[in-house]
Amino acid sequence: MQFAEKSQRAASQIAVLSSTPAILGVVSNLTEGIVLAADVSIWIGMLLAEAQQIFEAFSTAIESVGQQAKAANPDAAELRSHFLSCQQQFQRQILSLDPSELGTESAQEIQRCQTEMNRLMRLLGTDISFLQTARQSTTRQQRQAQICQRIEQLQSFCQGMLALTSGSA
């Protein structure tokens, strides 16, 4: 039964029950429960919308790192600087999200995605460090390819997280 149908049904039951003075206290508690449930539903919707904004912003930020990594001869120090900015954003916003607060059936899946994205971010940081120290052009190209692959994987996880949070609203 949908929330709206439950609310209408409860409202009609309240109208019938409210004619009995002894039941007024119960009716009052029931009405407060419905309002509380509606408030929680609105709050969860706001959290989901905020989570979507966070994933969209991170996706855009990591995409800019990817574009820089795809350049013919990227400046490794500048790439590292942009990555560190993305990493801070990731840690502050994405890792701090508590999937259980989002009120979705997909909370475990969201947590798995957070864990995998965290692993990819650590590996990406290592790859960028190796790119900085690479001396031969073939090694640099291999590191660039690995960096681009990890960024694509992170983008895929962002899209998955967007789908999970939008499908749950």
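Colleague: How far apart are the end C-alpha atoms of helix α3 (residues 76–94) in this predicted model?
Modeller: Take the expected span first: 1.5 Å times one less than the number of residues. Helix α3 has 19 residues, so it should span 27 Å. The model agrees with that, as the end C-alpha atoms of α3 are separated by 25 Å.

Colleague: Which pLDDT do local features need?
Modeller: Residues are numbered from 1 along each chain as its sequence is written, and side-chain values use heavy atoms, with hydrogens and water left out. In this predicted model, totals for chains, interfaces and linings use all residues, side-chain atom pairs count only at pLDDT 80 or more, and local features need pLDDT of at least 70.

Colleague: How many helices and strands are there in the protein chain?
Modeller: Both are DSSP runs, numbered from the N terminus: helices are H or I, at least four residues, and strands are E, at least two. The order from the N terminus is α-α-α-α-α. The count is five helices and zero strands.

Colleague: Within what arc do the buried residues of α3 fall?
Modeller: Buried means under 20% relative accessible area, exposed over 50%, partly exposed in between, with a 1.4 Å probe and protein chains only. In α3 the buried residues are Ala76, Leu79, Phe83, Cys86, Gln89, Phe90 and Ile94. They line one face of the helix, because seen down its axis, with directions taken to the C-beta atoms, they fall within an arc of 140 degrees.

Colleague: Is Gln89 buried or exposed?
Modeller: Gln89 sits in helix α3. Not counting residues up to four places away in sequence, Gln89 touches Ala57, Phe58, Ala61 and Ile94, where contact means heavy atoms within 4.5 Å. Its relative accessibility is 14%, so Gln89 counts as buried.

Colleague: What is the relative accessibility of Leu154?
Modeller: Leu154 belongs to helix α5 (residues 137–167). Outside four places in sequence, Leu154 touches Ile62, Met117, Leu120, Met121 and Leu124. Among these, Met117, Leu120, Met121 and Leu124 are buried residues of α4. Leu154 itself counts as buried, at 0%.

Colleague: How far apart are the C-alpha atoms of Leu154 and Phe58?
Modeller: Along the chain, Leu154 and Phe58 are 96 residues apart.

Colleague: Which residues is Arg150 in contact with, leaving aside its neighbours within four places in sequence?
Modeller: Arg150 is another residue of helix α5. Arg150 is buried, with a relative accessible area of 14%. Its contacts are Leu120, Leu123, Leu124 and Asp127.

Colleague: What distance does helix α4 (residues 107–133) reach from its first C-alpha to its last?
Modeller: Helix α4 has 27 residues. At 1.5 Å a residue, 39 Å is expected. The model is close to that, at 40 Å.

Colleague: Which element has the lowest mean pLDDT?
Modeller: pLDDT is the predictor's confidence in each residue, from 0 to 100. The protein chain has a mean of 79, and 69% of its residues reach 70 or more. Helix α3 has the highest mean, 94. The lowest, 46, belongs to helix α1 (residues 3–17).

Colleague: How many contacts does the stretch of residues 6–11 have beyond near neighbours in sequence?
Modeller: The pLDDT over residues 6–11 is below 50. Residues 13–32 are also below 50, with eight contacts beyond near neighbours in the model. For residues 6–11, the number is four.
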